[in-house]
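Please open the structure in a viewer and keep the selection panel at hand.

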Amino acid sequence: MEFPDNLKYTTEHEWVRLKGNVATLGITEYAQEQLGDIVYVELPEVGQELEKDEPFGVVESVKAVSDVYSPVTGKITEVNDSLTDSADTVNEDCYEEGWLVRVEVSNKKELDDLMDNKEYEAFVKEQAS
Amino acid sequence: MPVQYAGVIEEHHAVRKQAGLFDGCHMGEFLFQGAGAPSYLQHITANDISRLVDGQAQYSLLCNENGGIVDDIIVYRRGPEDFLMVVNAANIDKDWAWVQNHKIEKVTLKNISDETALIALQGPAAVSILEKIAKAPVATLSSFHFAKTDIGPVPNCTAARTGYTGEDGFEIFCATAQAPALWQALLEAGKSEGIKPAGLGARDTLRLEACLSLYGHELTDETNPMEAGVGWVVKWDKTDFIGKKALTMIREKGLTRKRVGFTMTDKGIAREGSSVFLQDRPVGMVTSGSYSPTLEKPIGLAYVPLQITNIGDTFHVDIRKNLRLAEVVKTPFYKRR
């Protein structure tokens, strides 16, 4: 399983990639594997405000549905619309093509609470055992 | 049985296009033997046992005195006084208590669930796969008929032309100790056809597309066969059976609700337990809902009032506190050609 080292991770199995003030959010390889075949992704509109630790979207597989939580506070600048027609991209490439939204973050310090790739890998191993 | 092996959609397509193998060892099996067995079964089941010949099986229901459904079952006639009943795994204890409580003279009951294994081979390639390693001719078995046969290294199996996927196929019984050998032999025999082990996830999407009811969802102690869409099982002209009086009254009074199939007009997948709304009023309940891998869209089954049971009727479903539009469609969602 992959744990890219340029990302930050949450206990709800989302990842964040920060570039300047803009954070890209997605779900981790572990999350997509747990869900199985993803068939539907529901995302907010551009311009919507996100609150840290509040759900902002839904990822749904054949067998289960899961909320996606925002690890940061901020405003949506971009939404991955390609997932409307091909939600399974999240299964195939969760860290790149399968990103969910981009957010202009209001407080970069919020990212300090998140796990780095080593900590997250250990967290997943603990969850799986 | 695990939820999935390779992935629900992949396993689902394997069963629709080639073949899938399901571990059904959790299912329950009861034996009913003796001179009183036929009249006993006639009394506790809603279908007509007298229509069966040796080697024939029948889908049936155990009903309670109120006309509710204790379980949906398959009854196999092994001999004139020798019957096997297959019951749902979650209901083994409840059913076993039920059949014992209604026991009559001259019938011996035996719960053989622990020592009996069930493996289902389903899909268009099922016949050609089983033919390769079954000693007895299995291709000539008609639907809902069964025969004893050795299969590969496993002696004394029973192969029944039944299933729970909407495809052609077999449900095969053997001794529990022999189940791993039977599983391996079938996987090996089906290699060139592209057989895949399939889990609970695919079983659920397959049976839902075929509109086969699942106990605990469409069928419960509180639902009656007519509203559940399995009224055809009830044979009104046979001798008295448990629940007949209540069912006759329900039939005379008329139904208040019915199980329908629906697809989503709005986005989202309705799941079991979602409320059905008509003009902002809750009027019904979704009993099963999933994504259909064959149709590539969300499908579901729901209990709704009679006024919205026609094809093309619309209602709303509560999906995570949003009311989404759904439309009643023709069922089954999928029918084998």
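**Confidence.** This is a predicted model. Colour chain B by pLDDT: its mean is 97, and 100% of its residues reach 70 or more. For the complex, the predictor gives an ipTM of 0.82 and a pTM of 0.93.

**Domains of chain B.** Select residues 8-26 together with 115-209 for domain 1, residues 28-111 for domain 2, and residues 256-329 for domain 3. Between domain 1 of chain B and domain 2 of chain B, the C-alpha centres are 24 Å apart. Each of these two domains of chain B contributes 8 residues to their contact. On the side of domain 1 of chain B that touches domain 2 of chain B, 4 residues are nonpolar, 4 are polar and none is charged.

**The barrel.** Now display the strands S12 to S17 of chain B. In what order do the 6 strands close into a barrel? The order is S12-S15-S14-S13-S16-S17 in chain B, with antiparallel pairing. On average, neighbouring strands of this sheet are turned by 45 degrees against each other, direction ignored.

**Strand S15 and its partners.** Select residues 297-305 of chain B, which form strand S15. Of the 9 residues of S15(B), 7 are buried, so the strand is largely enclosed by the rest of the structure. Strand S12 (residues 257-264) of chain B runs antiparallel to S15(B) and is joined to it by 7 bridges; here B:Phe262 has B:Gly300 as its bridge partner. S14(B) also pairs with S15(B) in the antiparallel sense, over 7 bridges, and B:Gly300 stands opposite B:Gly289 there.

**Strands S16 and S17.** Select residues 314-319 and 322-329 of chain B: these strands, S16 and S17, run antiparallel and are joined by 6 bridges. Within this pair, B:Val317 faces B:Arg324 in S17(B).

**Helix H6.** H6(B) lies across S14 and S15 of chain B and runs at about 115 degrees to S14(B).

**The contact with chain A.** Finally, show both chains. Here 13 residues of chain B are in contact with 9 residues of chain A.

How values were computed: Residues numbered from 1 in each chain as written. Chains lettered and ligands numbered in written order. Predicted model: local features only at pLDDT ≥ 70, side-chain atom pairs only at ≥ 80, totals over all residues. Domains from an automatic or database assignment. Contact = placed C-beta atoms within 7 Å. Nonpolar A, V, L, I, M, F, W, Y, C, P; charged D, E, K, R; others polar. Pairing = 2+ DSSP bridges. Helix = DSSP H or I, 4+ residues; strand = E, 2+ residues; numbered from the N terminus. Axes fitted to C-alpha atoms, helices over the stretch in contact; angles between N-to-C directions. pLDDT = per-residue confidence, 0-100. Buried ≥ 20, exposed ≤ 12 C-beta atoms within 10 Å, placed from the backbone.
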